[in-house]
Amino acid sequence: MSVQSWTFILVAASFTLYIGIAVWSRANSTKDFYIAGAGVSPLANGMATAADWMSAASFISMAGLISFMGYDGAVYLMGWTGGYVLLALLLAPYLRKYGAYTVPDFVGDRYYSQTARIVAVVCAIFVSFTYVSGQMRGVGVVFSRFLEVDVNVGVYIGMAIVFFYAVLGGMKGITYTQVAQYCVLIFAYLVPAIFLSLLITGNPVPQLGFGSVDQASGVSLLERLNGLHQELGFSEYTSGTKSSLDVFFITAALMVGTAGLPHVIIRFYTVPRVRDARLSVGWALVFIALLYTTAPAVAVFARTNLLNSVSEVPYTEVPEWFTTWESTGLLTFDDVNGDGRIQFVGPDSPLANELTVDNDIIVLANPEIAGLPNWVVGLVAAGGLAAALSTAAGLLLVVSSAVSHDLLKRSIMPEITERGELIAARISAGVAVLVAGYLGINPPGFVAQVVAFAFGLAASSFFPVIILGIFTKSTTREGAILGMVSGITLTAAYIAYFTLIHPELNHADNWWFGISPQGIGTVGMLLNFAITLTVSRFTPDPPPEVQQLVEMIRVPKGAGAAHEISA
Amino acid sequence: MTEQPSQGSAGYQSDSSTRVRAAEYWRRNIRYVGILLVVWFTVSYGFGIIVVEPLDAVTIPGTGFPLGFWFAQQGAIYVFVALVFVYVFLMNRLDREFDLSEEDDT
């Protein structure tokens with residue numbers, strides 16, 4: 001069977017599964033809709049969190065990025081996993097004990113202030129929408145490449161699926177769909193990785209394989225790759241090119257951003273007890289680590305394969321995948337020296353580079369480059385869609401609950417009935433899907449860059465005020481509000497300055513202390529901490545009931561008493 | 001993360017021995033968190049970033065991995081997973097010791 005029929009069958013089967021789950025797990029109350037009735041088991045929640053968390057960027061782009069960045073790719077690997085340690089130790093158990101529905105809920109109550117709540121709502125919507133538009137685009141790209149439909153048609157199909165289970169099932173539908181999506185995406189990621197590892201090194205475990213001996217050359221694979229890099233004028237694969245300080249700041253921004261992303265935090269409201277929240281972070285990290293420890297192996301295999309299969313090859317004899325990807329514009333060849341052969345070389349080479357390869361095609365093209373069976377290629381397409389759809393759904397729920405719960409119920413019309421709030425939640429989820437689809441079809445030019453910056457924004461707004469809200473009793477509303485506003489403003493301004501206003505200035509010489517826009521979230525976070533703590537010293541202490549609230553969330557007992565397990 | 005003494009807590013009435021125990025529970029929790037975060041920092045920012053170059057001079061025996069590179073792209077992640085489960089274990093034990101376990105809360 002052809003790649004296209006395999007893709008069609010596998011994608012259709014996975015979509016049927018998602019819709020089936022959505023019908024089975026409809027939400028009957030706002031509690032179901034916002035936090036799945038707080039009845040999800042830690043293991044299922046771990047899987048759902050992993051799918052929620054791993055977006056099209058993790059699945060499609062990350063291994064490609066690492067294969068171009070070599071050692072420097074560690075910023076993503078450590079940055080996007082280390083945040084879970086912070087979540088488990090500093091956030092998840094306490095937020096679960098507090099038992100809110102949303103992140104602005106906690107911020108508004110802990111800081112006894114509607115202003116703080118509204119600031120948090122704005123931050124949550126801003127962070128989530130920047131992130132979600134990239135997901136919808138990812139759905140469109142996968143559809144257009146593998147099923148040869150228009151990118152926009154792909155976005156419409158993706159919207160319809162997400163609309164169906166997010167609007168019908170809310171968090172409950174999303175959670176159980178995400179469990180299925182995790183299974184699809186991890187299978188789709190591991191199968192080609194295992195194939196490649198076996199082909200190249202004879203070791204079936206990719207995590208060990210990329211440290212073993214390359215069967216073709218008889219030397220260690222990493223040594224062989226470093227050698228190839230040197231020959232072709234790239235810098236050594238296992239050493240980086242970024243400054244240590246920048247690597248440090250980017251890693252910190254991604255870690256702290258992970259722990260501050262509202263769609264990740266709310267996942268830990270859905271389990272019955274505080275101890276389940278802790279355990280559930282552990283499971284989530286296991287499921288994430290499975291993909292994140294495989295990615296650097298895939299990166300090395302892909303890099304080696306790519307260099308071996310295109311370097312000095314006559315253009316007339318390129319493999320079929322080369323031509324297919326060339327037609328998408330994601331791979332371009334320009335025969336600068338007119339010798340009809342492909343020179344794929346780095347900045348240190350005397351020759352001119354003639355080949356440009358987009359990061360995003362590495363994972364998608366990898367099975368084809370390695371000549372794996374057609375069904376594996378189709379599986380990768382289904383996996384990419386699962387990753388994009390699951391993240392999009394989680395983000396849309398944050399937007400919907402911010403509007404129906406934090407804005408309507410807690411701010412504008414507190415007398416709204418349970419039924420009314422549930423209808424409002426469904427309508428806002430529906431509207432959010434449409435807006436996300438619109439952004440996917442008409443992406444503002446900067447979306448691709450901005451998605452990575454959602455982390456900096458989350459790091460500089462939510463993380464400090466939540467931490468201080470739990471670990472100190474004396475942090476005041478004035479401190480928190482000024483801290484959030486100044487942190488996110490500094491971060492957004494720095495990013496906007498270098499990516500939108502003066503992109504031509506965006507290199508290390510102009511950055512503050514050599515910190516790139518990707519790492520500035522760490523500075524924003526430190527500023528937020530400093531301002532929140534300083535202002536809190538000079539403003540009246542929080543009222544006694546807030547201080548009691550802080551004491552209450554620090555002890556686990558009594559969190560789950562009233563919650564019934566209903567799914 | 002320093003603990004601030006609570007002020008203005010007039011009107012806060014609670015059994016004093018419960019409060020003392022809760023404060024002791026919290027102190028132990030903070031100590032666990034502190035120790036685990038030191039490990040967290042050491043394997044990622046320490047081994048993976050700050051001292052990555054000297055560590056790269058060593059290759060892990062039997063493999064082709066430079067040690068620093070391995071920590072940055074593999075080892076730190078394994079340690080992260082272990083840290084979370086160690087914390088789960090420590091806190092479940094602490095909850096039982098202080099009779100704050102949610103065993104009967106279901």
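The axes of H8(A) and H13(A) come within 10 Å of each other and cross at roughly 40 degrees, where axes are lines fitted to C-alpha atoms, for helices over the stretch in contact, and angles run from 0 to 180 degrees between N-to-C directions. This angle makes H8(A) oblique to H13(A), since angles under 35 degrees count as roughly parallel, over 145 as roughly antiparallel, 65 to 115 as roughly perpendicular and the rest as oblique. The model described here is predicted, and local features need pLDDT of at least 70, side-chain atom pairs count only at pLDDT 80 or more, while totals for chains, interfaces and linings use all residues. Residues are numbered from 1 along each chain as its sequence is written, and chains are lettered from A and ligands numbered from 1 in the order in which they are written. Helices (H or I, at least four residues) and strands (E, at least two) are DSSP runs, numbered from the N terminus.

The crossing of H8(A) and H13(A) is left-handed, a term used if the near helix is turned anticlockwise from the far one by less than a right angle, with right-handed used if clockwise. Among the residues of H8(A) that meet H13(A) are Tyr182(A), Ile186(A) and Tyr189(A), and their partners' side includes Phe287(A), Leu290(A) and Leu291(A); two residues are in contact if their C-beta atoms, placed from the backbone, lie within 7 Å. By class, this contact of H8(A) with H13(A) has 13 nonpolar, three polar and no charged residues, with Ala, Val, Leu, Ile, Met, Phe, Trp, Tyr, Cys and Pro counted as nonpolar, Asp, Glu, Lys and Arg as charged, and the others, Gly among them, as polar.

H8(A), which spans residues 151-201, also packs with H1(A), residues 3-24, at an angle of about 125 degrees and with the axes 8 Å apart. That makes H1(A) oblique to H8(A), and H1(A) passes H8(A) in a right-handed crossing. Here the residues of H1(A) include Ser14(A), Phe15(A) and Leu17(A), while those of H8(A) include Ile161(A), Phe164(A) and Gly169(A). The contact of H1(A) with H8(A) has 13 nonpolar, four polar and no charged residues.

The largest nonpolar core has 213 residues, of which Leu185(A), Leu396(A) and Val84(B) touch the most other members; such a core is a set of buried Ala, Val, Leu, Ile, Met, Phe, Trp, Tyr and Cys residues joined through C-beta atoms within 7 Å. H8(A) gives the most to this core, with 21 residues. Not counting residues up to four places away in sequence, Leu185(A) touches Ala51(A), Met54(A), Phe59(A), Gly383(A), Ala386(A) and Ala387(A).

The contact between the chains takes 54 residues from chain A and 46 residues from chain B. On the side of chain A that touches chain B, H13(A) gives the most, with 12 residues, and by class this side has 28 nonpolar, 17 polar and nine charged residues. Chain B itself has three helices and zero strands, and of its 106 residues 32% count as buried, meaning that 20 or more other C-beta atoms, placed from the backbone, lie within 10 Å of a residue's own, whereas 12 or fewer make a residue exposed and counts in between partly exposed.

Returning to chain A, Tyr98(A) lies in helix H5 and counts as buried because it has 20 C-beta neighbours inside 10 Å. Leaving aside neighbours within four places in sequence, Tyr98(A) is in contact with Phe106(A) and Ile553(A).
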